[in-house]
Amino acid sequence: MHLSDWVYLYAAEESLEYGRIGISFLSKEQIGIGDGVVTGLLGCLLGARGCLVMLCIASCLMAVISIGILILKKGSRRTTLPFAPALLGGYIAALAVLG
């Protein structure tokens, strides 16, 4: 890759990052800025396809955890959970799936 390719890649990732921060602001922090930063950094490592795989796995993982919390009556629908640990699990699973 040439230097110009890296510059374009960096600019694209930064614009996506500002979009994530904007989504955090618009959702009134329901989606945290930290989740956007972690997603952006791991997305740089995995690429577009890997990032989508990671997000799908992380979302499924959080759904299972949330259902477990509701079934065990350890929380309610209003309970907030951090998404970053699920992103890490999704990242590891995406590395295993994509090789």
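The briefing below is grouped by topic. This is a predicted model, in which local features need pLDDT of at least 70 and side-chain atom pairs count only at pLDDT 80 or more, while totals for chains, interfaces and linings use all residues. Residues are numbered from 1 along each chain as its sequence is written, and side-chain values use heavy atoms, leaving out hydrogens and water.

**Asp35**
- Asp35 lies in helix H2, residues 33-71 (helices, H or I, are DSSP runs of at least four residues, numbered from the N terminus).
- Asp35 counts as buried because its relative accessibility is 16% (buried means under 20% relative accessible area, exposed over 50%, and partly exposed in between, with a 1.4 Å probe and protein chains only).
- Leaving aside neighbours within four places in sequence, Asp35 is in contact with Phe83, Ala84 and Leu87 (contact means heavy atoms within 4.5 Å).
- The side chain of Asp35 reaches the backbone nitrogen of Ala84 at 3.5 Å.

**Val37**
- Val37 also belongs to helix H2.
- With a relative accessible area of 33%, Val37 is partly exposed.

**Cysteines**
- The whole structure contains 0 disulfides (a disulfide is a pair of cysteine sulfur atoms within 2.5 Å).
- Cys44 is in no disulfide, and the nearest cysteine sulfur, that of Cys51, is 8.8 Å away.
- Cys51 is buried, with a relative accessible area of 11%.

Definitions and conventions
Helices (H or I, at least four residues) and strands (E, at least two) are DSSP runs, numbered from the N terminus. A polar contact is a pair of N or O atoms within 3.5 Å; within protein, one must be able to donate a hydrogen and the other to accept it, and residues adjacent in sequence count only if both atoms are side-chain atoms.
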